[in-house]
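Subject: Structure handover

Hello,

Here is the structure I said I would pass on.

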Amino acid sequence: MEEINNIEVVPCTESNYLKPFRVHYNQNGTKKSWDFMRTHDSVSVLIFNTTSHCFILVKQFRPAVYMCEWEKAKTKISQEAEKTEEGEASESQEGPSASAGESSSQWPPASAGVTYELCAGLVDKPDLSLEEIARQEVLEECGYDVPASKLKRITSYRSGVGVTGSKQTMFYVEVSDDNCVSAGGGEPREGELIEVVKVPLHEAMTFAYDERIPKTMGVIFSFIWFHNNMSPKYKISTNV
């Protein structure tokens, strides 16, 4: 998963997933404009394994996250380069610098783009209900085969309101080891490379609030929802 190389950043002129627009409008008599992206809505699923008492998450490399870290690294490298300019000039008198042409050394490690997330997917199948789409994602990404009727709708909300404004609907589903029919891992034909991760219930809230672990807001919110709504029912401790 973390073997990332041959990175090339190019302009995006056409995409099946993002379409950029600029809207002009008047608000309270003031003329304004705003740039935004039109994207698909999505579903996400909090999966709880009742056999092992753990949450099932997915771990994957996110290029957008990686490039954000790269932008930060560029600034830091630029600042360091200015400080070492004189030293490099001195070394050049003795011979060529070993790092002179190695631009790849400026890229952060691939781990900088890896995040922990809920099982999720795009709403791009108009003939299927949200529950059916979520069920398919649970099967493809995590390997659990459960009927759509077992998915409980938690809530829906807007994400990326400053850029996309797309809606995500979150579900909760309980599975057991008996429901596991494959290792999961996503759909390779769609470019997915996913690692299934288990978070023990008693470590959930520590995991949620540990800023050293890169994760989405959906993970944090869903763990809190479980603590408030499901833990009392099952008399289970989430280590809060």
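The notes below cover confidence, the cores, the aromatic rings and the cysteines.

This is a predicted model, in which local features need pLDDT of at least 70 and side-chain atom pairs count only at pLDDT 80 or more, while totals for chains, interfaces and linings use all residues. Residues are numbered from 1 along each chain as its sequence is written, and side-chain values use heavy atoms, with hydrogens and water left out.

Confidence: pLDDT is the predictor's confidence in each residue, from 0 to 100. The protein averages 87, and 83% of the residues score at least 70. Over residues 96-102 pLDDT stays under 50, and the model has one contact for them beyond four places in sequence (contact means heavy atoms within 4.5 Å).

Cores: A nonpolar core is a set of buried Ala, Val, Leu, Ile, Met, Phe, Trp, Tyr and Cys residues joined through side-chain atoms within 4.5 Å; buried means under 20% relative accessible area, exposed over 50%, partly exposed in between (1.4 Å probe, protein chains only). The largest one has 22 residues, of which L46, F55, Y172, F223 and F226 touch the most other members. Helix α4 gives five residues, the largest share. Helices (H or I, at least four residues) and strands (E, at least two) are DSSP runs, numbered from the N terminus. Leaving aside residues up to four places away in sequence, F223 touches L46, F55, L57, V199, A204, M205, F207 and A208. A second, separate core of 18 residues includes V43, I56, C142 and V146.

Aromatic rings: The structure holds 12 aromatic pairs. Rings of Phe, Tyr and Trp (its six-membered ring) pair if their centres lie within 6.5 Å; planes under 30 degrees apart count as stacked, over 60 as edge-to-face and the rest as tilted. F55 and F226 have ring centres 4.9 Å apart and planes at 90 degrees, so this pair is edge-to-face. F55 lies in strand β4 and F226 in helix α4, so the pair ties together parts 171 residues apart in sequence. F207 and F223 have centres 6.3 Å apart and planes at 50 degrees, so they are tilted.

Cysteines: A search of the whole structure finds zero disulfides (a disulfide is a pair of cysteine sulfur atoms within 2.5 Å). C119 is buried at a relative accessible area of 0%, and C142 is buried at 2%.

Regards
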